[in-house]
Amino acid sequence: MPRPVHWSRRGRDAIRARLSGRGQQSEMLESLLAFGGLVLLRDSIEWEGRDFLKALIKQSALCGEQIHVLGCEISEEEFREGFDSNINSRVVYHDLFRDPLNWSKNEAFPRGPLEALRAMCRPTDLRPVTIALDSLSWLLLHFPCSTVCQTLHALCRQGDSSPVERVNVLGLLHEELHAAGPLGALSSLAQIEVTLDGTMGRTSAHILYRKPRHRPAHQVDPTAHLTFNLRLSKKERETRDSLTLPFQFSSEKQQALLCSEPSQASSHIFYEPDAYDDLDPEDPDDDLDI
Amino acid sequence: MFPELNNLLNITPDKVEQGKLTLLCDAKTDGSFLVHHFLSFFLKAKCKVCFVALVQSFSHYNIVGQKLGVSLTTAWERGQLVFLEALKTSLDIFFQTPAGPHPLQFLREASARNLQPLYAFVQEALKPEDGGEATWRHPVLLVDDLSVLLSLGVRAVAVLDFIHYCRATVCTELKGNLVALVHDSGDAADEENDLLVSGLSHQSHLILRAEGLATGFCKDVHGQLKVLWRRPSQAAAQRDRSLTYQYKIQDKTVSFFAKGLSPAVL
């Protein structure tokens, strides 16, 4: 069952104030990072999600993780605004903003951005890693949806096989830019989906946690542990199978009905007419010509 | 420039926030008055302006500019204005093969994959002068308008990439400004245009949206202007994120008033 959590904030200063101390907000952010896997951050033109993404990055950094940012939309300088030196030292910015399509022939990403992304999840040390994608929309506009989904899936699964504790992938997605198909595909990949919305100048975040699917290890026996007996012995089962049901029309029933025809004399009607009765011995249907 | 619009946006030619992308959007009305405003505004602010004019001729903008107090001819002669008059320049492309790369090369290609030559033109036009002090203040790129590129066969993603590169160079590297006009048809069938408008909106710092009135045409109120500020920087104080005003365009100015408070009805 989805569990919506409303978290409202008033302006950028409020986030900073609330996160600098202990509080409900930092607990909520920690809970978003606790599961590993893909955290999808859906924003819109009116309600931007970059602040929320930066808040999650700050929280990761405070927990001692290393964060790799694939920056496609804003410059490194602008992204690092608001981070103190402690957090900045933990953030590695892979700059895809300056020359994403290699027009200046500098070959910053020789094998393309997706290969750079895959390379990020081969960590050299054993610390938990957070990968932030700013933004997933840019990747979806420039690469086929299936390729992006496969790369994301590989990134998220990294946590299972490698010695790294877990990999968090934070993806910023601009809702208006994509059709229902890619949005649905990314939703199904995501562990947690945060949708930003707001009214009257206050932003709110709706958080949807996806529960992992449980597969039962063995078949459960429904007749066990009851106060009454639902089991049948072999003889009881045979008797039950050979029982004919009362309203079922079988050949025996058909014979029984047909054989009962001749005994018509056994029925009589006794009638006592009173003073007002007008008994006409004539048959009223006599003139019918059937 | 329109002084009332400057007041609304809280800017003056002397005090302009640098490094910003302003998106001008119009729906069911003509938003070109905003282009004329910003053109005259930045020329008066002594900025170096590169104007990519895809829809009108030089003399059109010059005539309107003179009403607003700037002379485009003088600015062009002084070197303050670099003007790409696409209507005239496109003839070079159509009737002969150009010698080298041409900014409007995409007109000649069957499937224009990107707008790199146009970006190269902008980069060349606005690159800082070598040696000595700069004659002009920060550079500005003005584009009128981007929707026509879609009609000319360029994909929406290619236009978004072009603006991305322009933003990286003009806004981030050169600390200048970028102003572009798009038409929002509001038509659900035009997916490419919707993608273009949404994509640009996400990249913008300021969105000015001129809309026709929902009830139809009116002599005294020509439309409604919605202003949306996005991506506040650390230094910017908390301010109203969005405003809505109605306007009336007159011969040499545009007057703005709160909704429903047009002087004609008061």
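Hi everyone. Let me start with a term: a salt bridge here is a side-chain nitrogen of Lys or Arg within 4 Å of a carboxyl oxygen of Asp or Glu. Please keep in mind that we are looking at a predicted model.

With that definition in hand, let's go to chain A. The side chains of Arg50(A) and Glu73(A) form a salt bridge, with 2.8 Å from N to O. That value is within the 4 Å of the definition, so the pair counts. What does this pair tie together? Arg50(A) sits in helix H3 of chain A, residues 50–62, while Glu73(A) is in the loop between strand S3 (66–71) and helix H4 (76–79) of chain A, so the bridge links parts that are 23 residues apart in sequence. Over all chains, the rule gives 17 salt bridges.

Now for the place where the two chains meet. On the chain B side, 29 residues are in contact with 32 residues of chain A. For chain B and chain A, the buried area is about 2600 Å², and 54% of it is on carbon and sulfur atoms.

How many salt bridges does the rule find across this interface? The rule finds one between chain B and chain A. Its partners are Arg230(B) and Glu48(A), whose side chains meet at 3.8 Å, N to O.

H8(B) gives the most, with nine residues. By kind, the residues on the side of chain B that touches chain A divide into 11 nonpolar, 12 polar and six charged.

Let's turn to the sheet in chain B. A quick reminder: strands of a sheet pair through backbone hydrogen bonds, either parallel or antiparallel. In chain B, nine strands make an open sheet with mixed pairing, in the order S3-S2-S4-S5-S1-S6-S7-S8-S9. At the edges are strand S3 (81–85) and strand S9 (254–257) of chain B, each pairing on one side only. From one strand to the next, the twist averages 20°.

Let's zoom in on one pair of strands. Strand S2 of chain B (residues 47–53) runs parallel to strand S4 of chain B (residues 137–144), and seven bridges join them. If you want a spot to look for, Cys50(B) in this region stands opposite Leu141(B) in S4(B).

Finally, some backbone details. In chain A, the peptide bond from Asp134(A) to Ser135(A) is cis, with omega near 10°. Ser135(A) is in the loop between strand S5 (129–134) and helix H7 (136–142) of chain A. In chain B, a cis peptide bond joins Asp144(B) and Asp145(B), with omega about -15°. Asp145(B) is in the loop between S4 and helix H7 (147–151) of chain B.

Definitions and conventions
Residues are numbered from 1 along each chain as its sequence is written. Chains are lettered from A and ligands numbered from 1 in the order in which they are written. This is a predicted model: local features need pLDDT of at least 70, side-chain atom pairs count only at pLDDT 80 or more; totals for chains, interfaces and linings use all residues. Side-chain values use heavy atoms; hydrogens and water are left out. Contact means heavy atoms within 4.5 Å. Buried area is the accessible area (1.4 Å probe) that two parts lose on being put together, summed over both. Helices (H or I, at least four residues) and strands (E, at least two) are DSSP runs, numbered from the N terminus. Ala, Val, Leu, Ile, Met, Phe, Trp, Tyr, Cys and Pro count as nonpolar, Asp, Glu, Lys and Arg as charged, and the others, Gly among them, as polar. Two strands pair if DSSP finds at least two bridges between them. Axes are lines fitted to C-alpha atoms, for helices over the stretch in contact, and angles run from 0 to 180 degrees between N-to-C directions.
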